[in-house]
Amino acid sequence: MSSRSDTPAAELHLAQQPEADALLSRSPLATLVGMLLDQQVPMEWAFSGPYTIARRMGRDDLDAAEIAAYDPEAFAGLLKQKPAVHRYPGSMAQRIQTLCRYLVDEYGGDVTALWQDAADGPELLARLKALPGFGEQKAKIFLALLGKQLGVRPRGWREAAGDYGKAGSYRSAADITGPESLAKVRAHKQEMKRAAKAAKTP
């Protein structure tokens, strides 16, 4: 299995903003934090969040230990500055710090340790689901992102990621490589919402 550290640098385009995408492309923690933020806001807003946080901290990357030890009120203040990092900056600040504390406690603050020795897809999925703030769906999407774009492909990763792991699909952040694929993913999500609404209508 390859890990992100021994594969060519990926070029992610999730934020659709050059500086933010450059950070995502070189920083596993930034990508993970972006995935955590990706709820109840547009995807590009979520994935540009790590760059905004790093810049407000005066850093060119995020560090799990530094964030874990940061004064909670001060960290929340960084996210609340306008423009806010998220629609719910206070609660998301708490979630990011909780995630970073878990990474420090369980993996020495090294995000790549999540997958470097995972035996197979199901084991990696279990590790992702154990992350604070990561439910089944978010874990599967991140697993698909690791496999499709970041070269992290333990045996059985596609199967473990479910529909998000399918080749040629446009379901989630894992499938976004530029504006065209972003539009396709957005269209798929809108169709899913319409279908769900129709199913509820008597």
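I took helices (H or I, at least four residues) and strands (E, at least two) as DSSP runs, numbered from the N terminus. On that basis I count 11 helices and zero strands in the protein chain, and from the N terminus on the elements run α-α-α-α-α-α-α-α-α-α-α.

The model is a predicted one, in which local features need pLDDT of at least 70 and side-chain atom pairs count only at pLDDT 80 or more, while totals for chains, interfaces and linings use all residues. Residues are numbered from 1 along each chain as its sequence is written, and side-chain values use heavy atoms, with hydrogens and water left out.

Overall dimensions. I looked up the radius of gyration, taken over C-alpha atoms, with the globule rule of 2.2 Å times the number of residues to the power 0.38. With 202 residues a compact globule would come near 17 Å, and the protein chain has 17 Å, which agrees. Along its principal axes the C-alpha trace spans about 45 × 40 × 30 Å.

Helix pair. I followed α2 (residues 28-37) and α9 (residues 136-149), whose axes come within 11 Å and cross at roughly 145 degrees; axes are lines fitted to C-alpha atoms over the stretch in contact, and angles run from 0 to 180 degrees between N-to-C directions. Taking contact as heavy atoms within 4.5 Å, I find Thr31, Leu32, Met35 and Leu36 of α2 meeting Lys138, Ile141, Phe142 and Leu145 of α9. These contact residues divide into six nonpolar, one polar and one charged, where Ala, Val, Leu, Ile, Met, Phe, Trp, Tyr, Cys and Pro count as nonpolar, Asp, Glu, Lys and Arg as charged, and the others, Gly among them, as polar.

Pocket. On a 1 Å grid over the protein atoms alone, a pocket is an open set of points where a 1.4 Å probe fits, with protein on both sides within 12 Å along at least five of seven lines, and lining residues have an atom within 4 Å of a point. The largest pocket has a volume of about 700 Å³, the volume being the space filled by probe spheres set on the points, which are joined across faces, edges and corners. Of its 21 lining residues, Asp38, Gln39, Met43, Lys189 and Lys193 are the closest to the centre. The largest share of the lining, eight residues, comes from α11.

Backbone. I noted a cis peptide bond joining lysine 82 and proline 83, with omega about -5 degrees.
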